[in-house]
Structure formats: C-alpha cells, structure tokens
Amino acid sequence: MAVETLSGKVFFLITGASRGIGKQIAVSFGSILEDGSHALLLAKNLTALKETAKNIPSNITVDTVSVDLSKATEDELHKIIMQSLKDKTPEQFDRLVVVHNVGTMGDISKTTNDMSDLTTWHNYYDLNVFIPAILNGVVMKIFNENTNTEKTVVNITSLFAIKPTRYTGYYCTGKAAREMFFKVFALENPQVNVLNYSPGPVETDMLHEVCEQHADQEVKAHMNELVTKKIVLTCKQTVTRLLEILKDHKYTSGDHVDYYDEL
C-alpha cells in the first residue's frame, strides 16, 4: 500500500515495538518504507525488539534500543535519538513519523475511591502520559522547524479516552490526558500531521488482561465473548486500517479516529 506519509526517506520512531500493536506497526510501516529510511524501535525487551526488526526489510536501517520508558529522562531520550542518527542529520530525511504506542492498562480491580496511592498514580502517568509528551518534545526539537522535513505524529489512543468504564480510572484518565496533550500539540503545530488513532478491540496481551482481571463482571464477560466468538481484531487488521486512514487523510489534524469510524 502506497502511503504518502511513509514515502521518500523517512525517520520512523515507535515506542512499545516489542509486541502487540506496536510490533505490527513497526513491521507494516517498515515494510513500505523506501531506501534510505531509518527506523528506531524502542521498548524494554531488547530480544523481542530484535525479533521485530528481523521482519523489516534489510534495505531499511533499523536500530533497536532497550529503554525503560517509565524512567527515561529528557537527556536520555535525546541521546538515544542522536546516537541512532549517527552521522545523519535531520535535513537528510524527507519525513519524520513518530508513533507513540507504549502503554499499560493499570490496576483494573480498583474503584476510583480506592485509587489513593500517590506513587501508583505517578508511576502510571510517567509511562503513559509524561514520557510520551517529553519524547515528543525531544523529537520535535531535533527535527526543528528550520528543516523541510514533513512531520507526522500518531498517538495510539482508545475508546476509553472518551468513554468511561468502571474500574478503569487509571487507563481512562491516562488515555484522555494523553489524547488531549496531542490535540493541544496539533493546534500549536499546524505544520505537523497529528492523528489520535483508536485501534478497536484487538487481540493483544492487554485484551487478555481485561478478560482475566477486570473487576466489572459485565465488561469481563463481554470481552471474553468477543474473544470466544473471534469478533476481536487482529493486530494486522487494525494496523492496515491505520495505514488506510493515513493514506486517505480525511481527518483534521488532532482528531480522534476509531477503527470503526467511516471517513
């Protein structure tokens, strides 16, 4: 599939590329990148990242970096990107594509009244909200406005960002805060193509976590039914839809677009 967003020489950065949707995005995007493009895959599990990299064509330069994104600093993230660029400069790339995919569900056994531990809140927001925001700023400063590089930022969001569900106080608020950050970013940076993509119910480790651990029995039963009846999407299905949305580009920068939305 030819997608203008991924044409020319692209510097492609994705977080959480070791499994699930992130792995599929890395492989699907990487497979249509052109010669001279460069992919930087970030996650904690280096072995799994290297497995992801094996599925990206050899004509694409791929860097895999193990980093704990819940503890990363601005300086560390800047160093990772600069080391990945090596002797290349941002000006050598036609496009920058950043996919903020990393994310966790959080404790889905607690009501909001029980979510009173500040450290737990800090840890959740560090990984799911603060680091994506900081990483985005670091990348934008490196590929600054003085370059002619076309920029696209994809934030993997969720229906839970706009629809509350019991026992998902961490996840719902984290996704909502992160999505709103990228909506503000889109307004402040009209030259950047920003998409908040909600991938739908996808068969991943996170979905199975909901099936097994969610304290709301109705939600738990519904998700298990989706899995049993094989109604859930595969990672490939949702990433193919993401590529279609980027290709057609019928959304306004910053929009929340769901897998099932008709554009």
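Q: What is the bridge partner of threonine 15 in β2?
A: In this predicted model, threonine 15 has leucine 42 of β2 as its bridge partner.

Q: What makes β1 and β2 a pair of strands, and in which direction do they run?
A: At least two bridges are needed for two strands to pair. β1 and β2 are joined by 5 bridges, and they run parallel.

Q: What makes β2 and β3 a pair?
A: Here the bridges number 6, again in the parallel sense, with β2 covering residues 38-43.

Q: Why is β2 called largely enclosed by the rest of the structure?
A: Buried means under 20% relative accessible area. Of the 6 residues of β2, 6 are buried, so the strand is largely enclosed by the rest of the structure. This holds for both faces: His38, Leu40 and Leu42 point one way, Ala39, Leu41 and Ala43 point the other way, and all are buried.

Q: In what order do the 7 strands form the sheet, and why are β3 and β7 said to stand at the edges?
A: The order is β3-β2-β1-β4-β5-β6-β7, in an open sheet with parallel pairing. β3 (61-66) and β7 (256-258) each have a single partner strand, so one side of each is left without a neighbour in the sheet. On average, neighbouring strands of this sheet are turned by 15° against each other, direction ignored.

Q: How do you know that helix α4 packs on the sheet?
A: Contact means heavy atoms within 4.5 Å. Helix α4 (residues 118-142) touches β1 (10-15), β4 (95-100), β5 (150-156) and β6 (192-198), and its direction makes about 170° with that of β4. Helix α8 (residues 235-248) also packs on the sheet, touching β5, β6 and β7, with its direction at about 150° to that of β6.

Q: Which residues touch the most other members of the largest nonpolar core?
A: They are Phe12, Ile25, Phe29, Leu41 and Val99, in a core of 35 residues. The elements giving two or more residues to this core are β1, α1 (20-32), β2, α2 (46-53), β4, β5, β6 and α8. Of these, α8 supplies the largest share, 6 residues. Another core, of 29 residues, lies apart from this one, and its members include Ile80, Phe93, Val138 and Val153.

Q: Which residues does phenylalanine 29 touch, not counting those up to four places away in sequence?
A: Phenylalanine 29 touches Leu6, Phe12, Val97, Val99, Val239, Leu242, Leu243 and Leu246.

Q: Is arginine 241 buried or exposed?
A: Arginine 241, in helix α8, has a relative accessible area of 16%. The limit for buried is under 20%, so arginine 241 counts as buried. Beyond four places in sequence, arginine 241 is in contact with Tyr197, Tyr259, Asp261 and Leu263.

Q: Why does threonine 204 count as buried?
A: The relative accessibility of threonine 204 is 15%, which falls under 20%, so the residue counts as buried. Threonine 204 lies in the loop between β6 and α6 (205-213). Leaving aside neighbours within four places in sequence, threonine 204 contacts Gly20, Ile21 and Cys235. Glycine 20 is 184 residues away from threonine 204 in sequence, yet 5.5 Å away in space, C-alpha to C-alpha.

Q: How do you know that the radius of gyration of the protein agrees with that of a compact globule?
A: For 263 residues, a compact globule would have a radius of gyration near 18 Å; the protein has 18 Å, so the two agree. The C-alpha trace spans about 55 × 40 × 40 Å along its principal axes. Of the 263 residues, 51% count as buried.

Technical notes
Residues are numbered from 1 along each chain as its sequence is written. This is a predicted model: local features need pLDDT of at least 70, side-chain atom pairs count only at pLDDT 80 or more; totals for chains, interfaces and linings use all residues. Side-chain values use heavy atoms; hydrogens and water are left out. Helices (H or I, at least four residues) and strands (E, at least two) are DSSP runs, numbered from the N terminus. Axes are lines fitted to C-alpha atoms, for helices over the stretch in contact, and angles run from 0 to 180 degrees between N-to-C directions. The radius of gyration is taken over C-alpha atoms; the globule rule is 2.2 Å times the number of residues to the power 0.38. Buried means under 20% relative accessible area, exposed over 50%, partly exposed in between (1.4 Å probe, protein chains only). A nonpolar core is a set of buried Ala, Val, Leu, Ile, Met, Phe, Trp, Tyr and Cys residues joined through side-chain atoms within 4.5 Å.
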